[in-house]
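Please look over the model shown here.

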Amino acid sequence: MKKYDLLIKNGMVHTAVDSFESEIGVSEGKITAMGQNLGHAERVIDAKGMLVLPGGIDAHCHIEQESSTRIMTADDFYSGSVSAAFGGNTTFLPFAAQHRGQRLRDVVDNARERARNKAVIDYGLHLIISDPTQNVLEVELPSLIKEGYTSFKVYMTYEMLKINDGEMLDILALARRHGALTMVHAENNEVINWISERLLQRGYNAPKFHAVSHSPVAESEASRRAIDLARLVDARMLIVHVSEAEAAHSILQARNNELSIYGETCPQYLFLTAKDLDQEGMEGAKYCCSPPPRDKASQEAIWKGLKNGTFQVFSSDHAPYRFDESGKFHAGRDASFNKIANGVPGLETRMPLLFSEGVGKGRITINEFVALTSTNAAKIYGLYPRKGSLVIGSDADIAIWDPKWVRTIKKEMLHDNMDYTPYEGMEVKGWPRVVINRGRMVVEEETLKVDRGSGEFLPRTPAEAGRELPISSPLSPSRNFGAKLL
Ligand code: URP
Ligand code: ZN
Ligand code: ZN
């Protein structure tokens, strides 16, 4: 009798903390053995010359979700998950987004239904909260957190989504009480509006002015304020999609002060700049996202933050709007910068880009790569150790990378439902050859091997005191006065 369903041999295993030679035995979707000479299996993969890594976790992506202005993303849970899988991911965490007036329960039921028969890899759902009514705060959220929706994003900008500071405090305090995590889109809405009005008055409508209106000051001010609000009530917070140095600095400072503040950044802040928005006609609309790509110095600051502990999570913020009237130009082909749909795609290119430019060029180690693209997200979002590592007992979520595979990114080779990629023409060295989720071969020989809807929903665990702390420092319970008011 064969001992394992699957055996991966001759590969070098890399986790967030170490690298070692080991075979991996998989039975019934779990890793059941690691070591040498493990024996026989139904299926053996020879990973000689390959890197054996935990499957990626994309912890921030917008899939089959309506934007604040009710534009549907181009990817549904099928195309989004297929694209994620081809980029080395075995789990992704899209959003169930509440628009004002909606019951959270309906929002969640709707997102679950959208995902159910489509996702090909495992998935959890964050919530987006735009309407924190008394019922949401006292009834819906506490029960949804218990059911595994343990993280929620709030916005400090976008007219139809933004919450005020008092509402943010209510949400943070609730999150603290229930062990949930608040993710914050930190940009000062008033600053953006103030600059936008003045630009538009002068006839500056082109896409490049999106980057001018979303000033780094709007981001750094809002980030500082959000951190202070979290500090007041001693709550955990993750600042999403950080694009520039001052916000990054505030996060690092907060972490050095032992606050449970986490930081996330994305490929667009390493590989794009505001110059990409400054192109002939409306071409720049392809790169309009919020916060916008900045400049070379900001890119350097973000690289530094990946290395020095500012950022724990590297996500795509995949927000796919096609370059047509269904997406970017929902308000017309010649819409002014503030009416262009915000967001860039990036699920499939997130890890290869970071691998090639980060690990390949010596900016980060392979272990840091694993931490940033998988393990830390599992820890922060309540999926660890089931997801995010290669240990006995964890799900067999494995990506076998070929570090020598050179590919030039082209829209046609990607599996999302987009009509462009912001990274067109970039040469990338290193790409996953085989992607395995719960022992199922998902991608092999550049082909999808699983059925639509075979991904599983992942209810997540709220944080217990100390549980989330391998990557941060303990809370001191009476650090401030606000915490006593909870
Ligand atoms: O521009 C972006 N990031 N669009 C997606 C929505 C969001 O803010 O995350
Ligand atoms: Zn955002
Ligand atoms: Zn986002």
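## Zinc ion, ligand 2

The zinc ion (ligand 2) has three protein donors: Lys 153 through NZ, His 185 through ND1 and His 241 through NE2. They lie 2.1 to 2.2 Å from the metal. Donors are N, O and S atoms within 2.8 Å of the metal (3.2 Å for Na, K and Ca); water is not among the atoms, so sites may look incomplete. The sequence spacing of these donor residues is K-x31-H-x55-H.

This is a predicted model, in which local features need pLDDT of at least 70, side-chain atom pairs count only at pLDDT 80 or more, and totals for chains, interfaces and linings use all residues. Residues are numbered from 1 along each chain as its sequence is written, chains are lettered from A and ligands numbered from 1 in the order in which they are written, and side-chain values use heavy atoms, with hydrogens and water left out.

## Zinc ion, ligand 3

The zinc ion (ligand 3) sits 3.6 Å from the zinc ion (ligand 2). Its protein donors are His 60 (NE2), His 62 (NE2) and Asp 317 (OD), at 2.0 to 2.2 Å. They follow the spacing H-x1-H-x254-D.

Four donor atoms surround the zinc ion (ligand 3), and the arrangement is irregular because their angles run from 85 to 142°. Four donors count as tetrahedral if all angles lie between 85 and 135 degrees; four count as square planar and six as octahedral if opposite donors are over 155 degrees apart and all others between 65 and 115; anything else is irregular.

## Ligand 1 and its shell

Ligand 1 is surrounded by 13 residues (a heavy atom within 4 Å). The closest are His 62, Lys 153, His 185, Ser 290 and Asp 317.

Polar contacts here are pairs of N or O atoms within 3.5 Å. A nitrogen atom of ligand 1 is 2.7 Å from a side-chain N or O atom of Asp 317. An oxygen atom of ligand 1 lies 3.4 Å from one in the side chain of Tyr 158. Asn 342 uses its backbone: an N or O atom there is 3.1 Å from a nitrogen atom of ligand 1. Taken alone, ligand 1 exposes 260 Å², and the protein buries 95% of that (Shrake-Rupley method, 1.4 Å probe).

Note on methods. Polar contact = N/O pair within 3.5 Å; in protein donor to acceptor, adjacent residues only side chain to side chain.
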